[in-house]
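Open the model in your viewer and get ready to select residues. This tour goes from ring to ring, then on to the pockets.

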Amino acid sequence: MKKIISLVLTSALLALMLLSFASCSSDDKPTIGIIQFGSHGSLNNCYDGIMQGLEEMGITEEEYNIEYVNSNFDSSVSQSQANTFANKKAAVIIAIATPSAVAAATASDGAIPVVYCAVTDSSVMDNYENITGSSDIPDFDKQLEVVTAFMGKTDIKIGVLYSTEESSSPVQIANLKDAAQKYEGMEIIDSAVSDITTIDSKTNELIDRGVDCFVNLLDNTIVGKLETNILPITNEKNIPVFGSEIEQVKVGCAASASIDYIAVGKSAGTAAAKILGGASADDIPVAVITDPTVYYNSDVCKALGMTVPSDIAATDTKTLS
């Protein structure tokens with residue numbers, strides 16, 4: 001009986017030791033923290049690109065704990081998540097979109113390298129140390145070329161919604177208005193959204209002000225509510241919305257001069273891998289992705305009575321599905 005008890009206790013002790021060893025082995029692996037500000041097509045593509053970049057550089061989950069969190073478009077959640085990664089002493093924090101990037105840089109305070117992704121106005125990150133990333137710069141000249149071609153005229157009123165939480169949006173609006181100056185009679189009418197619950201009313205407000213169409217910025221809060229809030233209203237009023245990237249066209253925008261967000265993410269993943277390999281974040285140049293490709297949604301154009309222009313090179317998103 002004593003032998004049986006001894007064997008049981010020995011087996012239990014061995015099991016506990018193995019469990020403890022496995023736990024320590026997992027905890028001993030460096031952590032890669034990934035904070036995504038919210039879920040929509042372009043940010044999801046950024047994440048996919050990041051994982052591709054890490055994988056192509058030989059970074060695997062066998063050697064690293066890759067922890068992913070989503071802030072659901074809440075900056076305070078981003079800050080809490082960033083603080084958690086900082087307290088864990090992550091090997092690197094990868095932050096998708098400006099609010100997450102600012103949160104990560106604040107939490108790390110230069111002690112942990114930060115790689116940002118899809119930060120349109122990268123100057124907002126200039127005051128932080130131990131940081132690099134990838135920036136998505138919209139080509140508004142090309143975007144307005146697409147808008148005027150599909151609208152069939154240049155003297156149009158363009159509605160633009162933007163979130164006060166997106167620090168890059170005022171810069172984008174200024175650049176869009178500069179690009180619009182080359183078109184006689186074109187007017188940009190913008191409206192700020194401080195709370196996502198007012199997006200519906202702000203959309204209707206711009207329609208009441210007589211806009212002929214909408215143009216999206218690279219504004220994650222607005223884009224996150226595009227499919228559920230904005231498009232149902234504009235479609236009912238037969239008003240086209242021009243997206244800022246391909247995924248928005250796939251879900252219902254008429255057309256877009258689109259940046260490749262897989263490429264934006266891949267650049268960030270590659271930079272993170274270089275840091276894990278011993279490079280300094282401050283020595284890695286920020287990658288700027290700006291060259292657009294034009295896409296259109298033939299079903300949306302047909303429903304809105306829009307003719308696809310023959311003089312502009314564009315790809316129907318239907319052929320990509």
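Which residues do ring pairs link into a cluster? Select F150, F242 and Y296: ring pairs join these three. Keep in mind that you are looking at a predicted model.

**Stop 1: a pair inside the cluster**

Keep F150 and Y296 selected. Their rings form a tilted aromatic pair. Now colour by secondary structure. F150 sits in helix α5, residues 140–151, while Y296 belongs to strand β12, residues 293–296.

Buried or exposed: which is F150? F150 is buried, with a relative accessible area of 4%. Y296 is buried as well, with a value of 14%. Both fall under the 20% cut-off for buried.

**Stop 2: a second ring pair**

How many aromatic pairs are there by the rule used here? The count is four. Select Y47 and Y68 for another of them. Their ring centres lie 4.8 Å apart and their planes stand at 55°, so this pair is tilted. The reasoning needs one cut-off: planes under 30 degrees apart count as stacked, over 60 as edge-to-face, and the rest as tilted.

Next, find the elements. Y47 is in helix α2 (residues 41–56), and Y68 is in strand β2 (residues 65–70). The pair therefore ties together parts that are 21 residues apart in sequence. Y47 is partly exposed, at 22% relative accessible area. Y68 is partly exposed too, at 36%.

**Stop 3: the largest pocket**

Select N72, F73, E165, I196 and T221. Of the 13 residues lining the largest pocket, these lie nearest its centre. The volume of this pocket is about 210 Å³. What classes of residue make up its lining? Three are nonpolar, six are polar and four are charged.

**Stop 4: the second largest pocket**

Move on to the second largest pocket, which holds about 170 Å³ of space. Select some of its lining residues, including S39, H40, G41, E245 and V251. Then show helices α8 (220–224), α9 (226–236) and α10 (246–250): these elements each give two or more residues to the lining. Which element gives the largest share? That is α9, with three residues. By class, the lining of this second pocket divides into three nonpolar, six polar and three charged residues.

Key: Residues are numbered from 1 along each chain as its sequence is written. This is a predicted model: local features need pLDDT of at least 70, side-chain atom pairs count only at pLDDT 80 or more; totals for chains, interfaces and linings use all residues. Side-chain values use heavy atoms; hydrogens and water are left out. Rings of Phe, Tyr and Trp (its six-membered ring) pair if their centres lie within 6.5 Å; planes under 30 degrees apart count as stacked, over 60 as edge-to-face and the rest as tilted. Helices (H or I, at least four residues) and strands (E, at least two) are DSSP runs, numbered from the N terminus. Buried means under 20% relative accessible area, exposed over 50%, partly exposed in between (1.4 Å probe, protein chains only). On a 1 Å grid over the protein atoms alone, a cavity is a set of points where a 1.4 Å probe fits but cannot get out, and a pocket is an open set with protein on both sides within 12 Å along at least five of seven lines; lining residues have an atom within 4 Å of a point. Grid points are joined across faces, edges and corners, and a volume is the space filled by probe spheres set on the points. Ala, Val, Leu, Ile, Met, Phe, Trp, Tyr, Cys and Pro count as nonpolar, Asp, Glu, Lys and Arg as charged, and the others, Gly among them, as polar.
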